[in-house]
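Me: I have a structure open and some quick questions. Can we go through it piece by piece?

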Amino acid sequence: MDFAMDARTEELRERLLDFMDAHVYPAETVAEEQRAKLDSPWDTPPVVEELKAEARRRGLWNLFLPDEEYGAGLTNLQYAPLAEITGRSPQLAPTALNCAAPDTGNMEVLAQFGTPEQRERWLEPLLAGEIRSAFAMTEPEVASSDATNVETRIERDGDEYVITGRKWYISGAMNPDCRIFIVMGKTDPDGADVRRQQSMVLVPRDTPGVEVRRAMRVYGYEDHHHGGHAEIVFDRARVPVANLVGEEGGGFAIAQARLGPGRIHHCMRLIGMAERAIELMCRRAVSRTAFGKPLAAQGQVRAWIADARVAVEQLRLLVLKTAWLMDTVGNRGAHTEIQAIKIATPRTVVDIIDRAVQLHGAGGVSQDFPLAELWAAARTLRLADGPDEVHQRSLARRELKRYA
């Protein structure tokens, strides 16, 4: 396994680091100030559009897509160090580069499974950053980490599908620029194969019968930067049969194809979040005095910083190995490693950020530092794309098979 950066990745990395220093970090405070003056909290601050224009000018756009027809054509291994950098400012950097979830996964779905008409109508404006999208799978009444539990119905009626169901924590759906939902539901709820009961359909936001009911908070945050997380009711909403993604019964397989890259992208960015936390820890330690000496001279603080550095280096190698396997043997061949990073990375990064919060005292839980919001985001990722326990169960089952 050769994890050394190639010339193109190194050049993009240097370009991205300069973009972060010159534009993204200074824009963090500006974005909050502008948001406070907007008519709606879900509107996009003007500085975000400025960042997007600058990123495009610098050639830092759609870096996540391996398909050269639509994106930068980078492998997962090449994208990993770039995604990590964007994780240092998760509120702004991914959006600035048009590499923010859930749009990334939705663009991948449309690029891989969409019809030419679907790609023209929805993928092209998403690639251009002109609109946003949402992926509607999670439901409040069932354990949605198991997609076979989904209860939303997608019923065929002539040349239309009729969608009925209730979804929640649908990321990005509060953003007024969100124009399209990819909805997961059951077209064959009584089918013998529980993994062929589900399908996906494209549902425009303005479809009659679609009600964006409310914004869901995450640890008290409304998560404006990500377009919020909505509860949505589909009350016999009708769309043309042509809005089917892939084939009937293919929803489960499409979801698995979508979630593999999504999970590793989250972990790549989480490492960047941990690096930001370590940087803030170190700056605090050398600038703050307690009990007559700098925090940096306290043995406990030094242990926290050392442990954090060791943990991040371990995680980075595991994520890079997973990216390499996805590139060389595919998502299925990297299944165990994808689950391993999904278990280890959020859990470890939560702990690192928590120590950084502790080191900042009251400031750590305030709005004056990004740590509280980083902690909430990292902790949420222990649930998103399947909770830890689901991945532990599956990974252990694979290990045990070797000894059965």
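Predicted model: local features only at pLDDT ≥ 70, side-chain atom pairs only at ≥ 80, totals over all residues.

Me: Which residues have the most contacts inside the largest nonpolar core?
Reply: They are F19, L63, L97, I352 and I353, in a core of 91 residues. A nonpolar core is a set of buried Ala, Val, Leu, Ile, Met, Phe, Trp, Tyr and Cys residues joined through side-chain atoms within 4.5 Å. Buried means under 20% relative accessible area, exposed over 50%, partly exposed in between (1.4 Å probe, protein chains only).

Me: Which helix gives the largest share of this core?
Reply: Helix α7 (residues 251-287), with 15 residues. Helices are DSSP runs of H or I, at least four residues, and strands are runs of E, at least two, numbered from the N terminus.

Me: What does L63 touch?
Reply: Leaving aside residues up to four places away in sequence, L63 touches A72, L74, Y79, L82, L97 and C99. Contact means heavy atoms within 4.5 Å.

Me: New topic. Which residues of α1 are buried?
Reply: T9, L12, L16, F19, M20, V24, A27, E28, A31 and R35. Their cover includes α2, α3, α4 (93-96) and α7.

Me: And T75, where is that?
Reply: T75 sits in the loop between α2 (46-57) and α3 (76-86). T75 counts as partly exposed because its relative accessibility is 32%.

Methods
Residues numbered from 1 in each chain as written. Heavy atoms only, no water.
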